[in-house]
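Subject: Structure handover

Hello,

Here is the structure we talked about. Please open it alongside this note; the findings follow below.

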Amino acid sequence: MVGVSLEGEKVILVPYMAEHVPKYHEWMRDPALLQATGSEPLTLDEEYQMQLSWTQDPFKRTFVVLDKRLVVGEFVHGDPHVEAMVGDVNIYMNDPDDPQMAEIEIMIAELKCRGTGLGKESVLMMMAFAVKNVGIHAFRAKIGESNTSSLNMFRKLGFEEISHSEIFKEVTLELQLTEAKRGELLRRTDTVLTHT
């Protein structure tokens, strides 16, 4: 599955590769993004090591989110898979009690691309991918309590709040897939173009 990329209406999801690291590293120098993602600042070398570890971890799937308009647009001057980067979407199968539960994260790092539907489509495509290719039957999202746009998006997707941590200032939401929701996600994979 390493070389798989997914194409939707607005976004293309591609595997997180070494050529993406410098731009990703620039994003992660923003204190607001570090706080929103619960991340620590890394050196560029550490970021390359992290990228490599993510690609080799069987319990993680990471895709870089590309704005499809920028990939096919004429105003891209360099590598379109770097120029069109707007964020990333990840799943982690890190629940020892439920290996079919995946924690899902989305980050739209480019300010101009927030609120445009790219995050929602990326999450739905990642969920469809996880259901079809990894056998996931439930999703969890941990979101900072001040990140209202992300909280609202996940709630609109059917996620329900299961806990709120005052200490970490974080809300945990979950979505247990019903047969209907599972079918809806799998139908979505029929409209997603997969490239290897």
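Helices and strands here are DSSP runs, with helices (H or I) of at least four residues and strands (E) of at least two, numbered from the N terminus. On that basis the protein chain has eight helices and nine strands. Keep in mind that this is a predicted model.

Overall shape

The radius of gyration of the protein chain is 16 Å. The globule rule gives 16 Å for 196 residues, so the chain is as compact as a globular protein of that length. Its C-alpha trace spans about 45 × 40 × 30 Å along the principal axes. Of the 196 residues, 46% count as buried. The accessible surface comes to about 10700 Å², and 53% of that belongs to carbon and sulfur atoms. For contacts with a separation of 6 or more, residues 24 or more positions apart account for 64%.

Nonpolar cores

In soluble globular proteins, nonpolar side chains tend to be buried together. The largest nonpolar core in this model has 39 residues. Which of them touch the most other members? They are Ile104, Phe139, Phe154 and Phe159. Elements giving two or more residues to this core are β2 (11–15), β3 (60–67), β4 (85–92), β5, α6, β6, α7 and β8. Helix α6 gives the most, with 10 residues. There is also a second, separate core of 18 residues. Val14, Trp27, Leu70 and Met85 are among its members.

Phe159 deserves a look in the viewer. Setting aside residues up to four places away in sequence, Phe159 touches Ile104, Met127, Phe139, Arg140, Ala141, Phe154, Leu173, Glu174 and Leu175.

Helix α6

Helix α6 covers residues 118–134. It has 17 residues and reaches 23 Å from its first C-alpha to its last. That is close to the 24 Å expected at 1.5 Å a residue. Of those 17 residues, 13 are buried, so α6 is largely enclosed by the rest of the structure. Gly135 follows α6, and its phi is positive, near 75 degrees.

Helix α7

Helix α7 runs over residues 148–156. Its buried residues include Ser150, Leu151, Met153 and Phe154. These four cover an arc of only 165 degrees around the axis, which puts them on the same side of α7. Thr148, Ser149 and Lys156 are exposed on the other side. What do the buried residues of α7 pack against? Their partners are β5 (101–108), α6, β6 (138–144) and β8 (170–176). Gly158 follows α7 and has a positive phi, near 105 degrees.

Helix α3

Glu47, Gln51 and Trp54 are buried in α3. Seen down the helix axis, the buried residues fall within an arc of 65 degrees, so they line one face of α3. Asp45, Gln49 and Gln56 are exposed on the other side. The buried residues of α3 pack against α1 (21–27), β3 and β4.

Lys60 lies in strand β3. Is Lys60 buried or partly exposed? The cut-off for buried is under 20% relative accessible area. Lys60 has 21% relative accessibility, so it counts as partly exposed. Leaving aside neighbours within four places in sequence, Lys60 is in contact with Trp54, Ile91, Tyr92 and Met93. Trp54 is one of the buried residues of α3. Lys60 and Gly115 are 55 residues apart in sequence and 26 Å apart in space, C-alpha to C-alpha.

Lys169 is in the loop between β7 (160–165) and β8. Its relative accessible area is 45%, so Lys169 is partly exposed. Phi of Lys169 is near 50 degrees, a positive value in a residue other than glycine. Not counting residues up to four places away in sequence, Lys169 touches Ile143, Gly144 and Glu145. Lys169 and Glu145 are 24 residues apart along the chain, yet their C-alpha atoms are separated by 5.6 Å.

Best wishes

Terms used: Residues numbered from 1 in each chain as written. Predicted model: local features only at pLDDT ≥ 70, side-chain atom pairs only at ≥ 80, totals over all residues. Heavy atoms only, no water. Buried < 20%, exposed > 50% of the residue type's maximum accessible area, 1.4 Å probe, protein only. Arc of directions from axis to C-beta. Contact = heavy atoms within 4.5 Å. Expected span 1.5 Å × (residues − 1). Rg over C-alpha atoms; globule rule 2.2 N^0.38 Å. Areas by Shrake-Rupley, 256 points an atom, 1.4 Å probe, with all protein chains shown as cover. Core = buried A, V, L, I, M, F, W, Y, C linked by side-chain atoms within 4.5 Å.
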